[in-house]
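Have the viewer open while you read.

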Amino acid sequence: MAQQWNLEQLRLFVAVAEQRSFSAVARVQRKAQSAVSNAIALLEADLGVTLFERSSGRQPRLTEAGAALVEDARELLRQCERLDGRALALLRGQEAQLRVAQDEAMPYQPVIDSLDELAQQFPMLEVQLASGAQGDVARKLVERRADLGLLFHHERMPQALERRALGRVEMVTVCAVNHPLAQLGRINRQQLARHRQLLIAPQESGYPGGEPISPQIWRADSFYAMAELLMRGLGWAWLPRHVVQYPTYHAQMVELSCEWTPPALVVELVWRRDEPLGPAAQWLAERFAVHLRAIG
């Protein structure tokens, strides 16, 4: 059977279901009550079901079929509103969708606070957020599976990408509470070299602090994986301070007083050179920079 019903009939169907009155809906819509009744009757004919029980002198009530279909009608109308909103956003030059990829070790609070504000500033924007270990963010951008990246600076960035520094994240030297280094005072390089070192991988990544001090090293591609190994007493490591302060790890690690610690990690905004950032992406970058400075 060919579809004949239209969106105006759906709007009237939902309105009558909510107000339980043909006459009240007619007044609000500035239509004759007969026009509202006829529209609903045509919708029922097209759908092949009765939507309302109509008893003389009583308010219209949804039938079993009407109750089953009214939420579908509401969802169709919501989808129409989304379509109109996105079309208006495109007309104004705003992105319809923003795919954000972030290093999994990115500070959590600045990201969430920035996205919270983004939702208020651009309510019709669709956002997709992906997290990954080292290298995943740049790869997603190069393969056009992400529009915007948040990652830590490293030297071997793909040539197709542009980047902009947003702020810094402090690095600290840590070990497990039961590790032999935890019992010492200020520690020098010779003392660190006597124990296994956990490092970010791979060695050629260009990340600060990727050079070993100890002759015995283990590598991982994730700061959180390093933290899990560290809590088992398997070595000492340089980790971002916010990772060390994560509730799961905080009581299990000791920050060591050392004569040398790697420089802070530089947080960068990254995007494809051939795809300039839209207004929502630029706005998100500015807000993230503000929140990142606040925790620094």
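## Finding the histidine

In which helix does His291 lie? Look in H11, the helix that covers residues 279–295. Keep in mind that this is a predicted model.

Is His291 buried or exposed? The relative accessible area of His291 is 16%, and buried means under 20%, so His291 counts as buried.

## What His291 touches

Set aside the neighbours within four places in sequence, and His291 is in contact with Pro110, Asp113, Ser114 and Glu117. With Glu117 there is also a polar contact: the two side chains are joined at 3.1 Å.

## H5 against H11

Those partners lead on to a helix pair. Two packed helices are described by the angle between their axes and the distance between the axes. For H5 (residues 108–121) and H11, the axes cross at roughly 140° and come within 9 Å. The crossing of H5 and H11 is right-handed.

Which residues make the contact? H5 brings Pro110, Val111, Asp113, Ser114, Leu115, Glu117, Leu118 and Gln121. From H11 come Ala280, Trp283, Leu284, Arg287, Phe288, His291, Leu292 and Ile295. Sorted by type, the residues of the contact of H5 with H11 are ten nonpolar, three polar and three charged. The numbering is worth a glance here: an α-helix has 3.6 residues a turn, so residues three or four places apart point the same way.

Now jump to helix H2, residues 22–29. Which residues of H2 are buried? They are Phe22, Ala24, Val25 and Ala26.

## H2 against H3

How do H2 and H3 pack? Their axes are 8 Å apart and the angle is about 110°. Angles of 65 to 115 degrees count as roughly perpendicular, so that is the label for H2 and H3. The crossing of H2 and H3 is right-handed.

On the H2 side, the contact involves Phe22, Ser23, Val25 and Ala26. They meet Gln33, Val36, Ser37 and Ile40 in H3. By type, the contact of H2 with H3 has five nonpolar residues, three polar and no charged.

Terms used
Residues are numbered from 1 along each chain as its sequence is written. This is a predicted model: local features need pLDDT of at least 70, side-chain atom pairs count only at pLDDT 80 or more; totals for chains, interfaces and linings use all residues. Side-chain values use heavy atoms; hydrogens and water are left out. Buried means under 20% relative accessible area, exposed over 50%, partly exposed in between (1.4 Å probe, protein chains only). Helices (H or I, at least four residues) and strands (E, at least two) are DSSP runs, numbered from the N terminus. Axes are lines fitted to C-alpha atoms, for helices over the stretch in contact, and angles run from 0 to 180 degrees between N-to-C directions. Angles under 35 degrees count as roughly parallel, over 145 as roughly antiparallel, 65 to 115 as roughly perpendicular and the rest as oblique. A crossing is left-handed if the near helix is turned anticlockwise from the far one by less than a right angle, and right-handed if clockwise. Contact means heavy atoms within 4.5 Å. Ala, Val, Leu, Ile, Met, Phe, Trp, Tyr, Cys and Pro count as nonpolar, Asp, Glu, Lys and Arg as charged, and the others, Gly among them, as polar. A polar contact is a pair of N or O atoms within 3.5 Å; within protein, one must be able to donate a hydrogen and the other to accept it, and residues adjacent in sequence count only if both atoms are side-chain atoms.
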